Amino acid sequence: MVFSFTFLRGSFVFRRGFRTGKKLLSPSTEDIIYKAICVNLKQRRWKFLEQVSPSLTNSLVCRVVREFRNSPQLALEFYNWVEARDNFSHSLESCCTLVHVLVNSRNFNDALSIMESLMLKNGKSPLEVLGGLMNSYEICNSNPAVFDALVRTCTQLKSVEGAYDVIRKLRLEGFWVTIHAWNNFLNLLLKLGETDKFWNMYMEMVASGYSENVNTFNLIIYALCKECKLLEAISVVYLMLKIEIWPNVVSFNMIIDKASKMGEMDLALKLTRNTEVISGGSVSPNIVTYNCIINGFCKIRRLESAKNVLAEMIKLGIDFNERTYAPLIDGYARKGSLDVAFRLCDEMVEMRLIPDTVVYNSLIYWLYIEGELEEASFLLSDMINRRILPDEFTYSILTKGLCLSGHLNKALRVHYYIVERNLVKDAYTHNILINYMFQSRNIAGAKQLLSSMIVRGIKPDMVTYGTLVDGHCKEGKIEAAVQIYDKTVKADGKSNLVVYNSILDGLCKKGSIDAARLLVDKLQQNGFLDSVTYNTLLHGFCVNGEVEKAFALFLEMINVGSLVNIVSYNIMINFLCKMGLIQQAMELMRAMASQGIIPDLITYTTLITNFVKSYGSDNVIELHDYMVLKGAVPDRQTYQSLVSPCLQEHTEG
DNA sequence: GTAGGGTTAG
């Protein structure tokens, strides 16, 4: 008997096609597989799909994803499943097809992460992604929201260039992103501190025919606040009211926050009290508003006023949260009242608020500053035990705390532990260590830290450069410092006053007083100087024995008013002490205190130390009492070694 | 979307 196998032929072809992959697929075969995938995907029969997986092609994937455009979740699952196959990677086309499907179903999160990984993992540029989206636009029957989503992806990746390339290319092609995409882009510029670019881009946006919405105006208010232009920011609110693009609570809060941060509490309060009137009853202050005010009062040490605001919040029935308490706790700790700070923590807990990382960081920081090493370590372990996660702030606080107490090696060990686990991404802890390396005159160590941060992909920032310049200046290596300045700060095209002040300090310390004066004149001509500039020059005159020039400058600073601060007084008090004029130094401190400038740790230490050196410790308590009465927080070490011993003598006597 | 904590002057 002759047996015919003809009836099996179809299934043979079918099977072989499945096994040997894409190059054998004829159009009709692809159709068959396509239909098989669709039928089985609908039922989520992954086992079956597993069998066909060797025959997958990009064109198949695109077809399937498009077919499931009305079940986007399933399309996404399929896409992810395909991605998990060995030896298969998605093409730009299949990625873009899925992005169209996801955006059309308003699943922006997944659409954004697909595009993000296209750029990050596959190294596609924003313009290449745009090309992919445009090529598949028609066949996916898409809408322009995908382009907004692409801009959003760029802004999330902090790619200014990318976002702008996309916007510009689309405009050339006759597509327009919406105002929302522009707002995202403008927001990115502000977040990166690119204020100049923000204004240029904003003008370009308006010039190309867009009209601002409330978010755009809020960004403008934010930009003006960043530039400390509070009155202009307020006038934007009035403009908004006039053209009936209603400001919201965010518009007001940004101005109130900036005013508070600038210490302009009267303005901040006035705005808060008048928010309802100004907005015609449409906006009322909220928890953020009040938190900003509390923070402002705390920063200028008006803690009673801050507590009154908290009481007012409670009275008005406005909720409070961790951010209400954190500035208060920090404020009291900053003032040296750690006991009050801890009591506020208890109060927080009673109010069912859990002290979080920020609160712990603040307390640990001030404990370190006060020299309470053990308590700081205890609090750190308490934090970890309570599963309150340390963050980059915690690490930099720990680093500074260890350096401050002379444990540079311990700080370095902690540092290596942290960087090896990739726990820090910003420059802070590096900057702190580099600074302390210079302080312990370990230039090689500082340079090593700089290269290790670069190797680890942490970008040195202005502070890093400033620290390097400052470190070299302190070593008397002005030429090297200027060279670093040229290669970094100058090359970045940004003037940085801190760096100029460091160079100025270096010149002063080297005794190049004339060069220092020239630099100050130059800065003066450009209106680019601050109280640090003056204080540095003042200090320079003092250490170089230029008595007359020092006093002349000091008087000039007092006359201008805004230039003189606690540091200026400390310099002069120290100078008078060095000349043996202790009485005059104390006199100056009293004059300063009567101006409302509170003696600080340095005033305290300078005067107490010099007083005891000249007159012995007999009447030092009087001086201590006076300064404390005026609000000084005694330096712990000075107090323990020079003041408290004679306090005991007194009580014993 | 806006609010709290860490780095460079005495």
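A residue is near a strand if one of its heavy atoms lies within 4 Å of it. The exercises below concern a predicted model.

**Exercise 1. The surroundings of DNA strand B**

Determine how many residues surround DNA strand B, which are the closest, and how the residues of this surface divide by class.

*Solution.* 
Step 1. Applying the cut-off of 4 Å, one finds 48 residues around DNA strand B. The closest are N215, N291, N361, V532 and N570.
Step 2. Of the atoms of DNA strand B that come within 4 Å of the protein, sugar and phosphate account for 30%.
Step 3. Sorted by class, the surface near DNA strand B consists of 19 nonpolar, 15 polar and 14 charged residues.

**Exercise 2. The setting of S251**

Decide whether S251 is buried or exposed, and describe its surroundings.

*Solution.* 
Step 1. S251 belongs to helix 15, which covers residues 249–261.
Step 2. Buried means under 20% relative accessible area. The relative accessibility of S251 is 0%, and therefore S251 counts as buried.
Step 3. The side chain of S251 reaches the backbone nitrogen of N248 at 2.9 Å.
Step 4. When neighbours within four places in sequence are left aside, S251 is in contact with N218, I221 and M240.

**Exercise 3. The packing of two helices**

Classify the arrangement of helix 31 (residues 531–543) and helix 33 (residues 566–578), and describe their contact.

*Solution.* 
Step 1. The axes of helix 31 and helix 33 are 9 Å apart and form an angle of about 5°.
Step 2. Because angles under 35 degrees count as roughly parallel, helix 31 is roughly parallel to helix 33.
Step 3. From helix 31, N535, L538, H539 and C542 take part; they meet V567, S568, I571, M572 and F575 of helix 33.
Step 4. By class, this contact of helix 31 with helix 33 has six nonpolar, three polar and no charged residues.

Definitions and conventions: Residues are numbered from 1 along each chain as its sequence is written. Chains are lettered from A and ligands numbered from 1 in the order in which they are written. This is a predicted model: local features need pLDDT of at least 70, side-chain atom pairs count only at pLDDT 80 or more; totals for chains, interfaces and linings use all residues. Side-chain values use heavy atoms; hydrogens and water are left out. Ala, Val, Leu, Ile, Met, Phe, Trp, Tyr, Cys and Pro count as nonpolar, Asp, Glu, Lys and Arg as charged, and the others, Gly among them, as polar. Helices (H or I, at least four residues) and strands (E, at least two) are DSSP runs, numbered from the N terminus. Buried means under 20% relative accessible area, exposed over 50%, partly exposed in between (1.4 Å probe, protein chains only). A polar contact is a pair of N or O atoms within 3.5 Å; within protein, one must be able to donate a hydrogen and the other to accept it, and residues adjacent in sequence count only if both atoms are side-chain atoms. Contact means heavy atoms within 4.5 Å. Axes are lines fitted to C-alpha atoms, for helices over the stretch in contact, and angles run from 0 to 180 degrees between N-to-C directions. Angles under 35 degrees count as roughly parallel, over 145 as roughly antiparallel, 65 to 115 as roughly perpendicular and the rest as oblique.
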